[in-house]
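Please open the structure in your viewer and keep the selection tool at hand. The stops below can be followed one after another.

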Amino acid sequence: MADNNFDVIVIGAGPGGYVTAIRAAQLGLKTAVVEREHVGGICLNWGCIPTKALLRSAEVYRNMHHAKDYGLSCEKPSFDLDAVIQRSRGVSKQLAGGVGHLLKKNKVTVINGEAKFDGPKKIVVEGKDKGTYTAKNYIIATGARARSLPGLEADGKVVWDYKKAMTPDKMPKSLVVVGSGAIGIEFASFYHTMGADVTVVEIMPQIMPVEDKEVAGLAQKMMTKDGMKILTEAKVANLKRNSDNVVVTVETKDGKKQELTVDRVISAVGVIGNTEGLGLETTKVKVDRNVIDTNEYSATAEPGIYAIGDVAGPPMLAHKAEHEGVICIEKIAGVKGVHPLDPRKIPGCTYCHPQVASVGLTEAKAKDAGYEVKVGKFPFIGNGKAVALGEAEGLVKTVFDAKTGELLGAHMVGAEVTELIQGFVVAMGLETTEEDLMHTVFPHPTLSEMMHESVLDAYGRAIHF
């Protein structure tokens, strides 16, 4: 490349990185993005997108088994595992190509290689586009990787990480999933639906620990009713790896132990930021336990160096990274009206069966924060569309400040709640009160009517339950 000088260099082309680079280019800044492996990052290639493709196959397979419930016939449902995986990989490939096209369309220079700071003013790239590059501003968007615990290290054979779990060479008859965060519980849901005997081991008192206790409890009840085994307040004390199975010793809170012999183990104990090898020690950037320290506009302690997304700390979500990146680059460019991201208004979605979605404070956290709350709840069984869909299990829950009517949080479990949650996200963003929501007209028949009824219930005005 003849010109290695830019206004902005983004390091990492995952969701946060490529979105930031495109927005920078839109703002008229000469922009480059450095990527060592593949545009779209983990999310598009090995995370959010391909897992949703797998889960969609599982959903269709589940519905095939329940065809009789809808007056239909589907004799001896079966699946082709290779075809399921190929579809998932194809979806990722298609979208990765789309990201490449968007970068090209917006005239973002893609530098293929691995970047390392050589002092605060330049980076050295090793790889296809080897060289030294400089920029007025650098934005670190290197994402995160799977956390590995001693004794639980993935070997690609009998103990899997997320990549192997997405591309198995055969369907295990039994497996243990360690960790019930979004990654773990989604894999548990996929493999259970496809016929595996699944046991989830979670060290915390509830699955999906960041979610509202009541919602997580109902999700667990629905999963166990469906045949999944879930062990909370438990840990894996030991793994004995054999040639084609694993003996897992699980220890519960009271010290009791049990041995489970399973075909495979999936380790899903969280993620850790990719801060190593970046040469940050040659700058003033501060790193604490693989998290880069930033202010509300993603600036680090080194002028001209910023960090966004997973590498800048939780919540480790693609949409958080994207929004954070846009705020960061617009602040750099001097766009008027830029304000920091409010972490309380970032939705979280888990695409297991049943789906779980939330935004804002849980009931417990709202009370801990000193709020007097009004809580509304509405069950799926009271909604005509849910019953017609054959999806009559679930709950919508809303949490309000009793004094002001401010919506503090919303929490859902059931069919398509990952699509419904955005209604409450918009409401919180607009600082909507309970009165505004109660006077909003929701279409009938829809699942969204449960959102309305939940709000009404918080104030003793629910109609349909």
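Begin with helices H1 and H4, whose crossing is left-handed. This is a predicted model, and every stop on the tour should be read with that in mind. To see the pair, select residues 15–26 for H1 and residues 81–105 for H4, and look along the place where their axes come within 9 Å and cross at roughly 25°. Because angles under 35 degrees count as roughly parallel, H1 is described as roughly parallel to H4.

Now show the side chains where the two helices touch: on H1 these are Tyr18, Ala21 and Ile22, which meet Val99, Leu102 and Leu103 on H4. The residues of this contact between H1 and H4 divide into 6 nonpolar, no polar and no charged.

Next, select residues 48–65, which form helix H3, together with residues 182–193, which form helix H6; this pair packs at an angle of about 35°, with axes 9 Å apart. As H3 passes H6, the crossing is left-handed.

Which residues of H3 meet H6? On the H3 side they are Thr51, Lys52, Leu54, Leu55, Ala58, Tyr61 and Arg62, and their partners in H6 are Glu186, Phe187, Ser189, Phe190 and Thr193. The contact of H3 with H6 divides into 6 nonpolar, 3 polar and 3 charged residues.

For the last stop, select residues 346–454, which an unreviewed UniProt entry annotates as "domain: Pyridine nucleotide-disulphide oxidoreductase dimerisation". Over this stretch the chain is 33% helix and 27% strand, and if you mark the C-alpha atoms at its ends, you will find them 20 Å apart.

Notes:
Residues numbered from 1 in each chain as written. Predicted model: local features only at pLDDT ≥ 70, side-chain atom pairs only at ≥ 80, totals over all residues. Heavy atoms only, no water. Axes fitted to C-alpha atoms, helices over the stretch in contact; angles between N-to-C directions. Helix = DSSP H or I, 4+ residues; strand = E, 2+ residues; numbered from the N terminus. Left-handed = near helix turned anticlockwise from the far one by under 90°. Contact = heavy atoms within 4.5 Å. Nonpolar A, V, L, I, M, F, W, Y, C, P; charged D, E, K, R; others polar. UniProt positions renumbered as here; feature names shortened; annotations may be inferred. Parallel < 35°, antiparallel > 145°, perpendicular 65-115°, else oblique.
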